[in-house]
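Q: I would like to learn how to read a structure that is new to me. Could we go through it feature by feature, with the general idea before the case at hand?

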Amino acid sequence: KESFGTNDPLFATIYENIGILFTFEGEYDRALEHLRRAFKLRLDVFGDDTPEAARSYHNIGICLRMKKDYSQAQHFLERALELFNQNPEKASHTDTADIYYQLGKIQFETNHPDRALSYYQKALREIAPDFQEGSIYKNPELEKSASRDAFLKILAAKADALKVRYFKDITRTRDLQISFETYLLAVQLVE
């Protein structure tokens, strides 16, 4: 810290990366401690209404979702989305797509597959910018996807939500059909 100064953004990145690792290890309280340190540094250096702050909101939101603190997770993710929308030139499509995906996961994990599908469709529109279809029964073409990994997880989540809707009401055969087609599209990415 003496060489770089106490408010060097490099420390925010280091704390954030440690927090992300703890998140994926399931040590959410330790993760949040590091993510919040990164967030405070970013606020001190860049301010609150910035893409840098949005990345911190996003990562804290992911950790809170995985911790199953859905209300707080939604708050942080919506704030990240708001900041990225204020600065679209500084946000990548994968950033906003992941926020929509995370918001969809919150809805899916709280037993709201209809709401989840809406978010997943928004995520697909972000990850494949030429695709602007709002209908949950449509998917983008594979070659139009900006990020294969992000595209894969969004497609799998969408297929899962459609399948859950079908099993809640088996007269929704179109949900089952599109779920199957969406899974097949995801498989094509892997092959």
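This is a predicted model: local features need pLDDT of at least 70, side-chain atom pairs count only at pLDDT 80 or more; totals for chains, interfaces and linings use all residues.

Q: Which elements make up the protein chain, helices or strands?
A: One begins with the list of elements and then reads their order. The protein chain has eight helices and zero strands, and along the sequence this gives the pattern α-α-α-α-α-α-α-α.

Q: What does the radius of gyration of the protein chain tell me, given its 191 residues?
A: The idea is to set the value beside the one for a compact globule. A globule with 191 residues would have a radius of gyration near 16 Å, and the 18 Å of the protein chain agrees with this. For the outline along the principal axes, the C-alpha atoms fill a box of roughly 65 × 30 × 30 Å.

Q: What percentage of the residues in the protein chain is buried?
A: A residue counts as buried when its relative accessible area is under 20%. In the protein chain, buried residues make up 46% of the 191.

Q: How many residues of H3 are buried?
A: For a single helix, one can look at its span and then at its cover. Helix H3, residues 51–66, has 16 residues and reaches 23 Å from its first C-alpha to its last, close to the 22 Å expected at 1.5 Å a residue. H3 is mostly covered, with 13 of its 16 residues buried. Just after H3 comes lysine 68, with a positive phi of about 75°.

Q: Why does proline 51 count as buried?
A: Proline 51 belongs to helix H3, and it counts as buried because its relative accessibility is 7%, while the cut-off is 20%. Proline 51 and alanine 80 are 29 residues apart along the chain, and their C-alpha atoms are separated by 8.1 Å.

Q: Which residues is threonine 23 in contact with, leaving aside its neighbours within four places in sequence?
A: Threonine 23 lies in helix H1, residues 9–25, and counts as buried because its relative accessibility is 3%. Leaving aside those sequence neighbours, threonine 23 is in contact with Tyr28, Ala31, Leu35, Cys63 and Met66.

Q: Among contacts between residues at least 6 apart in sequence, what percentage joins residues at least 24 apart?
A: In the protein chain, 53% of those contacts join residues at least 24 apart.

Definitions and conventions
Residues are numbered from 1 along each chain as its sequence is written. Side-chain values use heavy atoms; hydrogens and water are left out. Helices (H or I, at least four residues) and strands (E, at least two) are DSSP runs, numbered from the N terminus. The radius of gyration is taken over C-alpha atoms; the globule rule is 2.2 Å times the number of residues to the power 0.38. Buried means under 20% relative accessible area, exposed over 50%, partly exposed in between (1.4 Å probe, protein chains only). Contact means heavy atoms within 4.5 Å. The expected span of a helix is 1.5 Å times one less than its number of residues.
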